[in-house]
Amino acid sequence: DKPPTPALPRAAADAAGDDDHAAFARLLLGLELAAARRYWHVPDTLTYPPPFSSANLIAAVVGASDVSAETWFASGPAYAHLVNALPFTPLTERLLAPAAYVAAAADDVAAALAFSDDTDQALGPWRALYVQFRAVVDPDDAARSVLALALADRPRLLDTTQTLASMMYWATTRPQPPTAPPLTADTSLLPSAQPSAAPPSPACAAHPSCVNLRLRTGDCCPTPDGTVLWCCGP
């Protein structure tokens, strides 16, 4: 007898024309998404009764008759929201649904984590995850946040596994949610939302290195013809 054909992932099954395995992969994917939204997301009181469902939007740990929004590595449901969302793939917007729930969850995360403190190295990875989380329901706002991070005067602390380029790609390739409600204007919580300092003066006298070279009058940075002298700098 011919040995059984090994199970193929959906994409491979589709490519191979294997309708049976492709259909089974779609079934498993649908069950996984439905189970995650049922047991980890808490948009109502259907799965978990009050007071837990009244106070939380996410379940982090479920065991026996107990449920908690706390993770083992950090205190607060904000971490549970973000760790349950990663990794961010094109399928993530199917998991993070409906839009009203994700919008409320994004506001929950932003209110709990002090993203305005860009000196806290521990918040770096979570800031990157939050921007991508928010992109599911407000891709334009997330893209502006990534752009502001890129244009900031000094590098912001982000997850070492993320780059600004990958975050921008994620934000700008998210579909616009057709019924996404307006979100709370919480972009001020991101260091990316802080305005950049005014551009430096072009005057030679404003740059110590130029002054040390006795260039004390006129413009050096740039010169009237647009040349930026090597002495220009902070």
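## The cavity

One cavity of 30 Å³ or more turns up here, and the space inside the largest cavity comes to about 40 Å³. A cavity here is a set of points, on a 1 Å grid over the protein atoms alone, where a 1.4 Å probe fits but cannot get out. Grid points are joined across faces, edges and corners, and the volume is the space filled by probe spheres set on the points. Keep in mind that this is a predicted model: local features need pLDDT of at least 70, side-chain atom pairs count only at pLDDT 80 or more, and totals for chains, interfaces and linings use all residues. Residues are numbered from 1 along each chain as its sequence is written, and side-chain values use heavy atoms, with hydrogens and water left out.

Who lines the largest cavity? His41, Ile58, His81, Asn84, Ala85, Leu96, Tyr101 and Phe133 do, each lining residue having an atom within 4 Å of a point. That lining splits into five nonpolar, three polar and no charged residues (Ala, Val, Leu, Ile, Met, Phe, Trp, Tyr, Cys and Pro count as nonpolar, Asp, Glu, Lys and Arg as charged, the others, Gly among them, as polar).

## The nonpolar cores

The largest nonpolar core has 38 residues, and Leu82, Phe88, Leu96, Leu113 and Phe133 touch the most other members. Such a core is a set of buried Ala, Val, Leu, Ile, Met, Phe, Trp, Tyr and Cys residues joined through side-chain atoms within 4.5 Å. At least two core residues come from each of helix 2 (19–39), helix 4 (77–83), helix 6 (99–112), helix 7 (124–135), helix 8 and helix 9 (164–172); helices are DSSP runs of H or I, at least four residues, numbered from the N terminus.

Take Leu96: skipping neighbours within four places in sequence, Leu96 is in contact (heavy atoms within 4.5 Å) with His41, Ala85, Phe88, Val102, Phe133 and Val136. Another core, of six residues, lies apart from the largest one and includes Val42, Tyr48, Phe52 and Ala59.

## The salt bridges

There are two salt bridges, meaning a side-chain nitrogen of Lys or Arg within 4 Å of a carboxyl oxygen of Asp or Glu. Arg134 pairs with Asp141 at 2.6 Å, N to O, and both residues are buried (under 20% relative accessible area; exposed is over 50%, partly exposed in between, with a 1.4 Å probe and protein chains only).

Asp141 also bridges to Arg144, with the closest N and O atoms 3.7 Å apart. These two sit three residues apart in helix 8 (residues 139–151), so about one helical turn separates them. Asp141 is buried at 7% relative accessibility, whereas Arg144 is exposed at 51%. Shared partners link Arg134, Asp141 and Arg144 into one salt-bridge network.

Note on methods:
1 Å grid on protein atoms, 1.4 Å probe; cavity = no way out; pocket = protein on both sides within 12 Å on 5 of 7 lines; lining within 4 Å.
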